[in-house]
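Reader: I am new to this structure. Can you walk me through how to read it?

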Amino acid sequence: MKTKPKGGTRPCRLHKPFIRRRSMVVFMDIQKYKVTGERKFDLKSFDTKPPSSFNPEDTQSIMARNTAELSELQSKLYAQGKSGLLIIFQAMDAAGKDGAIKHVMSGINPQGVHVHSFKQPSPKELSHDYLWRAVKKLPERGKIAIFNRSYYEDVLVVKVHKLYEKLNIAERCKAEDTIEKRYRQIKNFEEYLWENGIVTVKIFLHLSKETQRKRFLKRIDEKDKNWKFSDADLRERGYWDDYQEAYQSAIEATAAEKSPWYIVPADKKPYTRAVISEILLDVMKELNPAYPSITSEQEDSLAEAKKKLMKG
Ligand code: AMP
Ligand code: MG
């Protein structure tokens, strides 16, 4: 008779990849990308590249697993209708916002999600307070809203180009510290949302200047990608350091336990997408939605309806 090898049975070869994939999911440490404002924040200390341990081939399995779980959680969020989720994407051009959003959307019930892109404000939008256009696009409880750019542009591009100086606004509002005031307003606004059932999560796709250069060149060289490139993109690239500084200040000022920022490495798209799906899963699990329980009267009326239907 054969004896059992010491230390228990060895996993058979067939199980090995599964074990490796499982551990990939478990060890994808997204907490290191989370900024809650508790500690000093330094954007430069965050990676734009994935860790060397990451195997791009694992992306598919991570995403598939997470999508299935996310979809189930979203159904519960929708059915319960008690919490809404606002996911904000901010980044430099060519960081992969559009692609990342497309991936997040796949597998989620479109009925419960709304995506909105914030472009240069129209004259009408400029005649309102800067949060006005965002407020109109907030999710109702039970739903998810994805913002492709957001009111954060009002402390980023507006800061870099001092656009607040051009506003047609009362003199008393034209202070030097407009941007500082907006940090406070945004922080209060997100706290207000939290207290009214809407959770805000902010994702910064952290791209290196070199990767942006390569992606811009690709957009110029590949005909199908030409539409993605504009002269304005190159002009804004000239303000790279100013933007990094603006992100540093905005993230530092608005990161909070209840509305955290995630600084996601954006130089390799498969990794970016895997991390984003992990973040969303984490956030949804934290919300812990459940299907609403029914009352005994509802149970009775269901039984009654079933009886009638069974009769044909
Ligand atoms: P894209 O997302 O690449 O299509 O570009 C949209 C452009 O609109 C970006 O250059 C943003 O900086 C700009 N934008 C978005 N919101 C604002 C804002 N509040 N003020 C000025 N420019 C903005
Ligand atoms: Mg652009």
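This is a predicted model: local features need pLDDT of at least 70, side-chain atom pairs count only at pLDDT 80 or more; totals for chains, interfaces and linings use all residues.

Reader: At what angle does α11 run to β6?

Author: Compare the two directions along the chain. Helix α11 runs at about 155° to β6.

Reader: What is the order of the strands in the sheet?

Author: Read across the sheet, strand by strand. The order is β1-β6-β5-β2-β4-β3. These six strands make an open sheet with mixed pairing. At the edges are β1 (34-35) and β3 (113-117), and each of them pairs on one side only.

Reader: How many bridges join β3 to β4?

Author: Look at the pair itself. Five bridges link β3 with β4, residues 144-148, and the two strands run parallel. For one facing pair, find His114, which stands opposite Ala145 in β4.

Reader: Now the ligand. Which residues come nearest to ligand 1?

Author: Start with the shell, then look at single atoms. Ligand 1 has 13 residues around it, and Lys119, Arg133, Arg149, Glu153 and Asp154 come nearest. The shell holds seven charged residues, five nonpolar and one polar.

Reader: Where are the polar atoms of these side chains?

Author: A side-chain N or O atom of Lys119 is 2.5 Å from an oxygen atom of ligand 1. For Glu153, the distance to a ligand 1 oxygen is 2.9 Å. Arg133 has a polar side-chain atom 3.1 Å from a nitrogen atom of ligand 1.

Conventions:
Residues are numbered from 1 along each chain as its sequence is written. Chains are lettered from A and ligands numbered from 1 in the order in which they are written. Side-chain values use heavy atoms; hydrogens and water are left out. Two strands pair if DSSP finds at least two bridges between them. Helices (H or I, at least four residues) and strands (E, at least two) are DSSP runs, numbered from the N terminus. Contact means heavy atoms within 4.5 Å. Axes are lines fitted to C-alpha atoms, for helices over the stretch in contact, and angles run from 0 to 180 degrees between N-to-C directions. A residue is near a molecule or strand if one of its heavy atoms lies within 4 Å of it. A polar contact is a pair of N or O atoms within 3.5 Å; within protein, one must be able to donate a hydrogen and the other to accept it, and residues adjacent in sequence count only if both atoms are side-chain atoms. Ala, Val, Leu, Ile, Met, Phe, Trp, Tyr, Cys and Pro count as nonpolar, Asp, Glu, Lys and Arg as charged, and the others, Gly among them, as polar.
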